[in-house]
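Keep the model open as you read.

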Amino acid sequence: MFNYHVSVSPHQFTLSTIIPSINWRSYFQHKNTYFAMTSLYLSSVAAAISATPSSHPRPLLPKPSHFITHAKRTNRLHHVSCSSTPTAPQNQNNETTKKPTAKVVDRRNMLVGMGGLYGSTTLASTTPSATANPIQAPELTKCGTATNLNNGEKLDINCCPPISDPIIDYKLPPVFQMKIRPSAHRVSPEYMFKFNTAIDRMKRLPKDDPRNFMQQANIHCAYCNGAYDQPGQGTLDLQIHNSWLFFPFHRWYLYFYERILGKLIGDPTFALPFWNWDNPKGMTMPPMFVDPKSSLYDKKRNQEHLPPAVVDLGLTNSTDTLQVVANNLTIMYSEMIRGNSDANDFMGQAYREGDESSAKAAGSSERGSHTSVHAWVGDFKDQPSGEDMGNFYSAGRDPLFYCHHANVDRMWTLWQYFLPSNKVPDKRITDTDFLNTAFLFYDENAQLVRVTVKDCLDNLRMGYDFERIDLPWLDYRPPRQSARAKINRASSAAAPKAATLFPLTLDGVVRFQVDKTKKGKADESLVLEDIKVDTTKLLKFDVFVNDEDDNPGELDKAAYLGTYAQVPHKSANNNSSTSSIKLKLTELYDDTIVVTLVPRHQGPGVTIGGIKIVENPPAPAAGS
């Protein structure tokens, strides 16, 4: 089953040397089996190892995951469908990938791990489509000019990558040593020097090198600003935001960016830092990014938000720092735990070949903390379009972008494996249109490669993990609205029925009544339908239910239900998009609730077609 032949000296010996293609999650789940199968070989090299001194001893077992340590242990073996390939592409070893039958299940084992850390399922699950196809990787030869977000005119820059042949189907390399992505606020001076050197060398690469800093930044521009059309779909543009592709695309993006940086400094163990803006100790811009002499510096940032300013995930403009921190923790609890009733609530809506990108909706994390950090860092005062971070086409030009998205990727990993699963028991997406969606990237050797979503669902298989940081928002549940009298008082206010107001142009605070599906306790969600927005603007509004104190600057209360937000972006064909959002109701209400919508943006830009309350379908059992 395993080939025990190794050609390394004893002091280089690690368990990964024996089993180079090991599935780390499977390993921890079945470590006793691995131990039994390798015990004979271990005994044969033990003497040589002990007799050979090493200045860099390596543990025989990888360290436990650097996340939280109080997750419940589970011994269940969860499975996720990971293969249903429509073609038989050639991989890097010139091996033909066999096309599985429709019901073949090739599934990834989960790591329950040392300390019981990994215990949920991989992703989320939806009903597979029988009629659509996955979105294919773009055709680089047909890359067009991207569009300016604010005026609809073509950009005066070329976001298209260099053309290269051949395109290789990427195969994840074996993991010999796990990279640990560190918290940006806790890195050492040595790490800061290494990171600064790597970015500096990336900026010094020839302009036509696909690994060059601007070429890498342009990846985001091309995939997000209408430079690519969906192959075979005419001028229908390809967009990797506001759908279930958001997390997988950015994970692959950072994966290759990280490997390029490591290659440039000769350190294959180099790992990107993450800006842990979800923890109060990390809610300021990381210090290493604000030195004007550093390659990590970007002058196109909001100068009022440099340290010691605290990031405002709610974009409330509150001057009360303690309130901002409380709001931030409430937002994180809401978008990660409280507000999701199914997989798509977190991941985003399905996006398949032939779909209009402007008709999709982002998940809770993408439209929440992710968008807010982009807007908070971007310079909307002195730059025409919120550059750099505040606009999709320019976001990748700020090195802080990759640090920000490393934490976004961490949120996905937390949601996959760590967070309580009783609200969404099955977090998998087994739809082959999701799993087989493909992207193109240049790897650390400037080789153009094709990757698929199904190969990025497991961060450990990709060779990286995260430093353990406390999650203060994990139990930051807002206090319940305690008295029915308060609810009745809110409901008895002069709030009109929703039917008399919609469609609604949201240009100020508005309050109205909405009927529930049934009286009393019920598993329900509030749905805002046909939200039509101007995609060239930064837009955000918050949703409150039965808010008795009417203080929109305070989000740390049960009345705060969730948010809608977007970073300016531009599709190839129009300046507007239409979508819907669903927010889980978590309190016990009567047969009518009072909803308050609070815009955080200035001026028009949002029209809402309708609003209703729907009963959530019963959640499927995990693994079913």
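A disulfide here is a pair of cysteine sulfur atoms within 2.5 Å. By that rule this model, which is a predicted one, holds two disulfides.

Start with the bond that joins Cys 143 to Cys 160, where the sulfurs sit 2.0 Å apart. Cys 143 and Cys 160 both lie in the loop between helix H3 (31–51) and strand E1 (168–169), so this pair ties together parts that are 17 residues apart in sequence. The torsion about the S-S bond is about -85°, so this disulfide is left-handed. Is Cys 143 buried or exposed? Its relative accessible area is 16%, and buried means under 20%, so Cys 143 counts as buried. Cys 160 is buried as well, at 12% relative accessibility.

Now for the other bond, Cys 159 to Cys 221, with an S to S distance of 1.8 Å. Cys 159 lies in the loop between H3 and E1 while Cys 221 belongs to helix H5, so the pair ties together parts that are 62 residues apart in sequence. With a torsion of about 65° about its S-S bond, this disulfide is right-handed. Both Cys 159 and Cys 221 are buried. Number the bonded cysteines in sequence order and the pairing reads 1-3, 2-4.

Helix H5 turns up again when you look at H4. Helix H4 covers residues 189–204, and its 16 residues reach 23 Å from first C-alpha to last, close to the 22 Å expected. Its buried residues are Tyr 191, Phe 195, Thr 197, Ala 198, Ile 199 and Met 202. What covers them? Helix H5 (213–224) and helix H6 (246–264) are included in that cover.

Technical notes: Residues numbered from 1 in each chain as written. Predicted model: local features only at pLDDT ≥ 70, side-chain atom pairs only at ≥ 80, totals over all residues. Heavy atoms only, no water. Helix = DSSP H or I, 4+ residues; strand = E, 2+ residues; numbered from the N terminus. Expected span 1.5 Å × (residues − 1). Buried < 20%, exposed > 50% of the residue type's maximum accessible area, 1.4 Å probe, protein only. Contact = heavy atoms within 4.5 Å.
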